Amino acid sequence: MGKYFGTDGFRGEANVDLTVEHAYKVGRFLGWYYGQKEPDTRCRVVIGKDTRRSSYMFEYSLVAGLTASGADVSLLHVTTTPSVSYVVRTEGFDCGIMISASHNPYYDNGIKVINGQGEKLEEAVIEKIESYLDGEMGEIPLARKDAIGRTTDFSAGRNRYIGYLISIATRSFKNMRVGLDCANGSASAIAKNVFDALGADTYVINNEPNGLNINRDCGSTHIHVLQEHVRANHLDVGFAYDGDADRCIAVDGSGEIVDGDKILYLCGKYMKEQGNLVNNTIVTTVMSNFGLYKALDREGIAYEKTAVGDKYVYENMSANGHCLGGEQSGHIIFSKNATTGDGILTSLKVMEVILEKKQPLAKLAGEVEIYPQVLKNVKVKDKLAAQEDPAVKAEVAKVAQGLGDSGRILLRQSGTEPVVRVMVEASSQEICEAYVDQVVDVMKAQGHLL
């Protein structure tokens, strides 16, 4: 991760950590950089945004920077992150930009840059952007006369994406009672249209954004709201999205949560039965629940583990040709259809399994037993020293031996804080807590804690 860009773009509080000057300079660099690649061809960039009040401010700043560097800009307006990815790769844009801080509160915002293949921007280019932001590159020339870029409306691109989603469905959703929680974010402009077109009886909540209510007590990070909605209206299934709709968490007809791990399982098992699970492998992160791995072992499905972040999941999928991967948080990637997590697409895939198998979501997801988990964030003087301490490693090995094949232990460094995360999954909460405390006690005895 760089100084400004993390695993999911440049993110922070609007006009504090991320300013209009930052956005303008990112636009200036991207317009110039992609304009250099083919000097006789104009650089073309597409921009989407979520519903935060500051998204308009950053949109105009980015546009000013891009057009000043000679790029032509197409505006999708309020849309989802995966729709920007789709439009970039199908409409021949040099890159795309999504203005969003995903599941963060309204006062945060972010800039996500997507390359010409619809994937997250390469680290090498991110390093160049950061060098420019820090004034290490010198000035970039301004476009003059007819070389100055122009801006056009491209809401048609969003409509094409909606049409694409509708085309993915294998069956009508007629007579299915579906609840949608749009988080007062990007999904508000798209999700209901898709489900209505497919014939569902759609019950939508939190689809009236006002710039300040995105993710506020709603969406995938406040799933209890959808749970209550599904139970109160006797719905068959519900789906909750985050602010930019690249995540999806489901709720079954009883109001029980079906998280990303369970979605990976039920979709992966179905794809294997259909002969569509390439390499018979699902890509997960190290934070997926032990219960998922036990269920996959039972079904004879292989899996790989990456660092936390859908960026790393996709990199693994791309490098190895796998077709399904994701995170417990609901970032699910179906590489046949998308190059990024797509919440609405994920909900359509879950609907396909429900309809094709003729089974309720509760039964499909109930095959995974989620293990209790305890995670402690331990503040330490030196993250690497704490993890590599021989006494700590010996205690971790002792815990792993004690758990055997009925649980697991994981130590992971925070990327942004002086913290080591100690996580144990086991058959009971009490066992988890006891083993976590054992390891923390050794770290304390060795003098690593702050």
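Which residues do ring pairs link into a cluster? In this predicted model, local features require a pLDDT of at least 70 and side-chain atom pairs count only at pLDDT 80 or more, whereas totals for chains, interfaces and linings use all residues. Residues are numbered from 1 along each chain as its sequence is written, and side-chain values use heavy atoms, with hydrogens and water left out.

The cluster linked by ring pairs consists of F29, W32, Y33, Y34 and Y132. Rings of Phe, Tyr and Trp (for Trp, the six-membered ring) are taken to pair if their centres lie within 6.5 Å; planes under 30 degrees apart count as stacked, those over 60 as edge-to-face, and the rest as tilted. The structure holds 14 aromatic pairs. For F29 and Y33, the ring centres are 5.5 Å apart and the planes meet at 15°, so this pair is stacked. Both residues belong to helix α1, which covers residues 20–37, and F29 and Y33 are 4 residues apart there, about one turn of the helix. Helices (H or I, at least four residues) are DSSP runs, numbered from the N terminus.

A residue is termed buried under 20% relative accessible area, exposed over 50%, and partly exposed in between, with a 1.4 Å probe and protein chains only. F29 has a relative accessible area of 0% and is therefore buried. Y33 also counts as buried, because its relative accessibility is 16%.

Charged side chains are found over aromatic rings as well. A charge sits over a ring if NZ of Lys or CZ of Arg is within 6 Å of the ring centre and within 35 degrees of the ring normal. The charged end of K25 sits over the ring of Y132, 4.9 Å from its centre; Y132 is one of the residues in the cluster described above. K349 lies over the face of F334, at 5.6 Å from the ring centre.

Side chains of opposite charge can pair when their charged atoms come close. A salt bridge is a side-chain nitrogen of Lys or Arg within 4 Å of a carboxyl oxygen of Asp or Glu, and a search of the whole structure finds 19 of them. In the bridge between R52 and D50, the closest N and O atoms are 2.6 Å apart, and both residues are buried. D242 and R247 are likewise bridged, with a closest N and O distance of 3.8 Å; these two residues are also buried. Salt bridges that share partners join K112, D244 and D246 into one network.

Definitions and conventions:
Helix = DSSP H or I, 4+ residues; strand = E, 2+ residues; numbered from the N terminus.
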